Structures are given as structure tokens and as C-alpha cells.
Amino acid sequence: MSESPGELKPLQIGVRFKQPAIVLLYEENSKYRKRIMPVRELKKNSSVALIASDFKEHHERYLINVPNFKIEKMLRLIQNDMKGLELEESLQEINKEFSVDPEENLNDVDDVELKRKKEIMNLTFEKNQKKPSDPDFKYDVEVDFSQVAGIESSIWDSEKDDDEF
């Protein structure tokens, strides 16, 4: 991500439970700053997805480069604190809610949940992606996954000459 003058680069996001707020540590013009954004409309049973989108829109200058699901996680932490859940229990619940289980059937989830899962998968992909500027980047890597994972090969996987068809 190339930075233009005045562009904010989020570094960390967190919460404050007493006088609920989301705290953002960011870099702007090579200076580190902290922004405390109070959370006012969140109730024990509020829709975190709706509050997060409104919150992001209201603080757009600071949260434009922060994924929605991270804001949702912070709001869920505050909401669970309002309900009286212990922090450790709340973190376990949130990690389960905001992770993608490879065995989960995403055809059965609602649109809001599907959007969240896709955002998580995209962020994970971007984090693990090898770019040409990376020191360990290799062009055109070939991996035989049948050897790695112990997968049985199929007749469909074998290469055939065009003469056979």
C-alpha cells in the first residue's frame, strides 16, 4: 500500500470498556498517533454489523483502511462486557465467531455472516500472499499436492495426449 501525504496507516485497534470506546493507533506523516472514538449507540442486544458500518462511516477518515470485521470484533468485546462476560470467555467466543472453519458450509449462513467470512478470507489471503518484492518470492512454483497431503490421484488428474481423444 503506497502512502500519500496525510494518509493514515492503522497499526493497532483496541477497546476501552469504561466509557466504551474504540482506540486506534495509527501512523500519519511518519508520526504515531492515538485516536479514541467513543461508542455511544451500542446496547446489549444491538446488531454489531449495523453499528460497525455506522461507526466506520462516522469515523471514515480514521477507519477507512480497517476491515469491517475488526471493528465488529471490538464492538462485540464491548457488548460482551456489557453482558457481564469475563474477558477470556468473551475472547474465546469472538475468536470462534470471527474465524473461518474449513468444514463449515457457507451456503447455510446469512448474507451478513457470509460477507464477514469473505472479508476474513480475503484478509488472510492478502497476509499470506507472496509478492515479487518479498525476499523469499519465487516465480512459477510447482507443488505436487498428492505427495504433500497424501491425496489419491484420479484418472481426471493425469495428463493425456490429444491423440487419445
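Reader: What does it take for two strands to pair?
Author: Two strands pair if DSSP finds at least two bridges between them. The structure here is a predicted model. In E2, the bridge partner of Ile 13 is Leu 24.

Reader: And how many bridges join E1 to E2 overall?
Author: Strand E1, residues 8-16, is joined to E2 by eight bridges, and the two run antiparallel.

Reader: What lies between E1 and E2?
Author: Four residues lie between them, and the two strands form a hairpin. In that turn, Gln 19 has a positive phi of about 55°.

Reader: Moving on to E2 and E3, in which sense do they pair?
Author: Strand E2 (residues 21-28) pairs with strand E3 (residues 31-38) in the antiparallel sense, over eight bridges. One of the residues involved is Ala 21, whose bridge partner in E3 is Pro 38.

Reader: Which residue in the turn between E2 and E3 has a positive phi?
Author: That residue is Asn 29, with a phi of about 55°. The hairpin of E2 and E3 has two residues between the strands.

Reader: Now the helix H1, please. Which of its residues are buried?
Author: In H1, residues 48-58, the buried residues are Val 48, Ala 49, Ile 51, Ala 52, Phe 55 and Lys 56.

Reader: Why are they on the same side of H1?
Author: Because they cover an arc of only 160° around the axis, they lie on the same side of H1. On the other side, Leu 50, Glu 57 and His 58 are exposed.

Reader: What covers the buried residues of H1?
Author: The cover includes strands E2 and E3, together with helix H2 (60-63), helix H3 (68-83) and helix H5 (111-128).

Methods. Residues are numbered from 1 along each chain as its sequence is written. This is a predicted model: local features need pLDDT of at least 70, side-chain atom pairs count only at pLDDT 80 or more; totals for chains, interfaces and linings use all residues. Side-chain values use heavy atoms; hydrogens and water are left out. Buried means under 20% relative accessible area, exposed over 50%, partly exposed in between (1.4 Å probe, protein chains only). The arc is that of the directions from the helix axis to the C-beta atoms. Contact means heavy atoms within 4.5 Å.
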